[in-house]
Amino acid sequence: MQPIPANELFAGLSLAEPVPIHAVVTDSRNVAPGCVFVCFPGERVDGHAFAAGAYRDGAAYIVANHPVEGVPAERTVIVPDSALAMVRMASNYRMLFSPRIIGVTGSVGKTTTKEFCYAVLSAFGSTLKTEGNQNNDIGVPNTLFRLETATEYAVVEMGMDHAGEITRLSRCVRPSAGIITTIGVSHLENLGTRENILKAKMEICTGLPDGAPLALNADNDLLPTAQVPARLRPVWFGIEQDADVRAKDIVMQGGGTAFTIVDKAYGTFAAHIPTVGQHTVYDALSAYAAATRLGLDPAACADALANYQTTGMRQHIVQKGGVTVIEDCYNASPDSMKAALSVLQSLPNAHKIALLGDMLELGDASEQGHRQTGEWAAEAGVDVLIAYGPRSAAMAQAAQTKGVTTVHCQTAQEVLQCLEQFVQPGDALLAKASHAMQLEDLLQAYYAGLPQA
């Protein structure tokens with residue numbers, strides 16, 4: 001973070017002296033002289049309990065929901081909502097810079113799309129990206145606080161749980177271009193219908209300037225019904241439909257995919273990405289579409305897609321003890337389950353096992369979503385399904401009805417026993433569930449028992 005006068009950082013929140021602020025932190029372990037420490041009240045830990053210590057360690061200001069003993073009133077910024085204060089400070093800081101930014105949202109594929117955007121933009125200059133899953137009212141500001149004068153491009157992922165959140169984040173980020181990956185069923189529990197999810201994702205338009213490109217998935221069943229503001233430039237990407245940017249001649253090649261980009265505006269380009277699965281072709285297309293409509297060279301954009309690198313446990317294919325493992329433990333919805341199963345199906349391994357856990361936040365669509373996933377597992381040629389968690393009972397039942405060898409586990413220990421029983425060297429294993437199921441910990445325990453190379 002570049003220094004910013006406190007009175008500019010707190011504009012709209014509080015009056016302050018023009019002392020330079022060097023960082024905004026929410027973790028007391030990261031407090032350093034000249035920073036702002038933001039207190040977040042939590043169920044387990046209340047940041048206000050660390051405010052006095054943060055002030056003693058050199059924090060210039062404390063942002064809090066109420067006065068804190070040990071922190072002078074003139075060094076306390078009282079706000080009703082710490083998250084909203086973070087967004088406001090980030091918005092004030094963002095105004096100091098003028099990089100070209102791509103904002104990414106959607107039900108599935110946000111992080112993969114973000115990484116493809118980063119691969120493309122990095123080919124043209126210094127680029128900033130959202131790290132990990134930092135896509136909410138805390139994470140997006142933390143990303144923006146890393147902007148510097150030297151930053152030429154940025155890609156910012158924006159997530160949401162409720163209506164209105166993307167509006168707030170988009171106005172804060174003020175992206176130069178937007179991407180909506182797809183509209184699925186994630187967050188049905190809070191938003192009720194997929195139509196409401198569409199409306200919530202379309203809120204990204206509020207932060208886009210007049211004439212900005214908005215890349216949309218033409219093959220999604222709901223996105224073509226979206227009312228794109230006339231002041232924006234929609235750019236449709238897809239595989240099945242006659243889109244502005246389309247992929248054809250898709251061929252899986254080992255651990256990657258080759259295809260041809262047919263761009264109505266700029267021509268035809270060969271592309272290769274180091275990922276498998278048709279869904280990642282969509283993610284690559286969206287990054288290409290957004291970057292080229294920002295004026296970047298199309299041929300160079302197509303070439304740069306090859307520089308994509310996976311992050312965390314998101315469709316990360318590794319070899320462990322002779323087993324090909326697709327680590328996809330960060331999150332899950334029916335749409336992403338189907339995509340991950342297609343990757344498993346594409347692998348050459350003769351014997352395929354799927355460890356699939358509960359999908360959360362599906363509301364009334366939960367049972368149907370899990371049941372459908374069990375059917376997809378059968379269609380993908382899964383030999384053994386290990387279903388984990390109470391919601392996955394419907395998944396197990398559906399797969400078993402289709403003839404798949406199925407085990408329904410309620411505990412992590414049961415899962416480990418099933419992995420040891422069913423998975424052999426030479427097999428392929430897909431592990432996917434909502435992050436709360438902690439499959440990453442399960443996999444580490446499983447790996448520990450495998451022969452070490």
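I take buried to mean under 20% relative accessible area, exposed over 50%, and partly exposed in between, with a 1.4 Å probe and protein chains only. The model is predicted, so I note that local features need pLDDT of at least 70 and side-chain atom pairs count only at pLDDT 80 or more, while totals for chains, interfaces and linings use all residues. Residues are numbered from 1 along each chain as its sequence is written, and side-chain values use heavy atoms, with hydrogens and water left out.

**Entry: cysteines**

I searched the whole structure for disulfides (a pair of cysteine sulfur atoms within 2.5 Å) and found zero. For cysteine 39, the nearest cysteine sulfur is that of cysteine 35, 11 Å away, and cysteine 39 is in no disulfide. Cysteine 39 is buried, at a relative accessible area of 0%. Cysteine 172 is in no disulfide either; its nearest cysteine sulfur belongs to cysteine 205, at 17 Å. With 1% relative accessibility, cysteine 172 counts as buried.

**Entry: lysine 201**

I located lysine 201 in helix α8, residues 194-201. Helices (H or I, at least four residues) and strands (E, at least two) are DSSP runs, numbered from the N terminus. For charges, I count Lys and Arg as positive and Asp and Glu as negative, leaving out His and the chain ends. A salt bridge is a side-chain nitrogen of Lys or Arg within 4 Å of a carboxyl oxygen of Asp or Glu. Lysine 201 is buried without a salt bridge, and the nearest side chain of opposite charge, aspartate 161, is 8.1 Å away.

What does the side chain of lysine 201 reach at 3.2 Å? I found the backbone oxygen of glycine 106 there. I then listed contacts (heavy atoms within 4.5 Å). Leaving aside neighbours within four places in sequence, lysine 201 is in contact with residues including Thr105, Gly106, Met160 and Ile180.

**Entry: strand β10**

Strands pair if DSSP finds at least two bridges between them. Strand β7 (residues 100-105) runs parallel to β10, with four bridges joining them, and threonine 105 stands opposite isoleucine 180. Strand β11 (residues 213-217) also runs parallel to β10, through three bridges; here isoleucine 180 stands opposite leucine 216.

In a regular strand the side chains alternate between the two faces of the sheet. In β10 (residues 177-180), Ala177 and Ile179 point one way, Gly178 and Ile180 point the other way, and all are buried.

**Entry: positive phi**

Most residues other than glycine have a negative phi. I noted arginine 174 as a residue other than glycine with a positive phi, near 50°. Arginine 174 lies in the loop between α6 (165-173) and β10 and is partly exposed at 34% relative accessibility. Aspartate 249 also has a positive phi, near 55°. Aspartate 249 is in strand β13, residues 245-253, and is exposed, with a relative accessible area of 52%.

**Entry: helix α13**

In α13 (residues 393-401), I recorded Ala394, Met395, Ala396, Ala398 and Ala399 as buried. The buried residues of α13 pack against β18 (352-357), α12 (366-379), β19 (384-388) and β20 (405-409). Glycine 403 follows α13 and has a positive phi, near 95°.

**Entry: charged pairs**

Side chains of opposite charge can pair when their charged atoms come close. How many salt bridges does the rule give? I get a count of 13.

Aspartate 27 and arginine 29 meet in a salt bridge at 2.7 Å, N to O. Aspartate 27 is partly exposed at 22% relative accessible area, whereas arginine 29 is exposed at 71%.

Lysine 129 forms a salt bridge with glutamate 115, with the closest N and O atoms 2.8 Å apart. The two are 14 residues apart, lysine 129 in strand β8 (residues 127-129) and glutamate 115 in helix α4 (residues 110-121). Are lysine 129 and glutamate 115 buried or exposed? Both are buried.

Aspartate 328 and lysine 432 meet in a salt bridge at 3.3 Å, N to O. Aspartate 328 is in strand β17 (residues 323-328) and lysine 432 in strand β21 (residues 428-432), so the pair ties together parts 104 residues apart in sequence. Both aspartate 328 and lysine 432 are buried. I also noted one network, in which salt bridges with shared partners join Lys114, Glu115 and Lys129.

How values were computed
Polar contact = N/O pair within 3.5 Å; in protein donor to acceptor, adjacent residues only side chain to side chain.
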